[in-house]
Amino acid sequence: GLPTCLLCTCLGTTVYCDDREIDAVPPLPRKTTYFYSRYNRIRKISRNDFVNLKNLKRIDLTANFISEIHKDAFRRLPQLQELVLRDNRIRQLPELPSTLTFIDVSKNRLGHKGIRKEAFKDLNKLQHLYITDNNLDHIPLPLPESLQALHLQNNNIQEMHEDTFCKMRDFTYVRRALEDIRLDGNPINLSKTPYAYMCLPRLPVGNLI
Ligand SMILES: *[C@@H]1O[C@H](CO)[C@@H](O)[C@H](O)[C@H]1NC(C)=O
């Protein structure tokens, strides 16, 4: 195949492969830190697509046709901070490395079983979690204390519990970081759980009807 830096543009350790009509992740230079491959035709992320990329910090695969991701594809990336998989056809999230600070999987096909139990529990650096425009029927729990923004608009979430965000047995608990929760566009009535927001700095955005 064509060497990646001829097919794409390499600037320092950043590789830009936007809009090149590629249908698979190209072999990346070992020192790649930022990889952009938006507006392509990638359908699948295989186990070894990102193998041995010890410096990789950001992957952006916005607007491809990805429907399948090997569960370990991102697991052994020791520095990965930002994972952007917006606007694809993903039904199942893979394992996520605990170094992530930013995840955007909006506009995909994540439903009831798309996110495994406690998927975000150990991501103790995670600040931004965007899962808008999917088919989720629940809020993925538990949410790490580091989380600042949780965007879940336009899903199918119908209920939440009083201790989804707070701790019903500990009224002194404050979840200071989480100041941006979006639940609009879900069939949920936020007025039904008035105690669920007591520990938060701000009310979630959504239907208070
Ligand atoms: C939403 O919940 C509140 C509190 O339980 C209730 O008074 C209100 O009628 C509900 N609204 C709808 C549209 O069900």
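**The core and its contacts**

Modeller: Leaving out neighbours within four places in sequence, Phe50 is in contact with Val25, Leu28, Phe35, Ile45, Leu56, Ile59, Leu61, Ala73, Phe74 and Leu77, where contact means heavy atoms within 4.5 Å. This is a predicted model, in which local features need pLDDT of at least 70 and side-chain atom pairs count only at pLDDT 80 or more, while totals for chains, interfaces and linings use all residues. Residues are numbered from 1 along each chain as its sequence is written, and side-chain values use heavy atoms, with hydrogens and water left out.

Colleague: What makes a set of residues a nonpolar core, and which members of the largest one touch the most others?

Modeller: A nonpolar core is a set of buried Ala, Val, Leu, Ile, Met, Phe, Trp, Tyr and Cys residues joined through side-chain atoms within 4.5 Å. The largest has 56 residues, and Phe50 and Phe120 touch the most other members. In soluble globular proteins, nonpolar side chains tend to be buried together.

Colleague: Why is Asn88 called buried?

Modeller: Buried means under 20% relative accessible area, exposed over 50% and partly exposed in between, with a 1.4 Å probe and protein chains only. Asn88 has 7% relative accessibility and therefore counts as buried. Asn88 belongs to the loop between strand S7 (82-84) and strand S8 (102-104); strands (E, at least two residues) are DSSP runs, numbered from the N terminus.

Colleague: Which backbone atoms does the side chain of Asn88 reach?

Modeller: The backbone nitrogen of Ile66 is reached at 3.0 Å, and the backbone oxygen of Leu85 at 3.0 Å. A polar contact is a pair of N or O atoms within 3.5 Å; within protein, one must be able to donate a hydrogen and the other to accept it, and residues adjacent in sequence count only if both atoms are side-chain atoms.

Colleague: How do you know whether Tyr39, Lys107 and Met198 are exposed or partly exposed?

Modeller: Tyr39 has a relative accessible area of 54% and is therefore exposed. The value for Lys107 is 41%, so Lys107 is partly exposed. For Met198 the value is 49%, so Met198 is also partly exposed.

Colleague: What is the value of phi in Tyr39 and in Lys107?

Modeller: Phi of Tyr39 is near 55 degrees, a positive value in a residue other than glycine. For Lys107, likewise not a glycine, phi is near 55 degrees and positive. Tyr39 is in the loop between strand S3 (34-36) and strand S4 (44-45), and Lys107 in the loop between S8 and S9.

Colleague: Which peptide bond is cis, from Leu141 to which residue?

Modeller: The bond from Leu141 to Pro142 is cis, with omega near -10 degrees. Pro142 is found in the loop between strand S9 (128-130) and strand S10 (149-151).

Note on methods:
Helix = DSSP H or I, 4+ residues; strand = E, 2+ residues; numbered from the N terminus.
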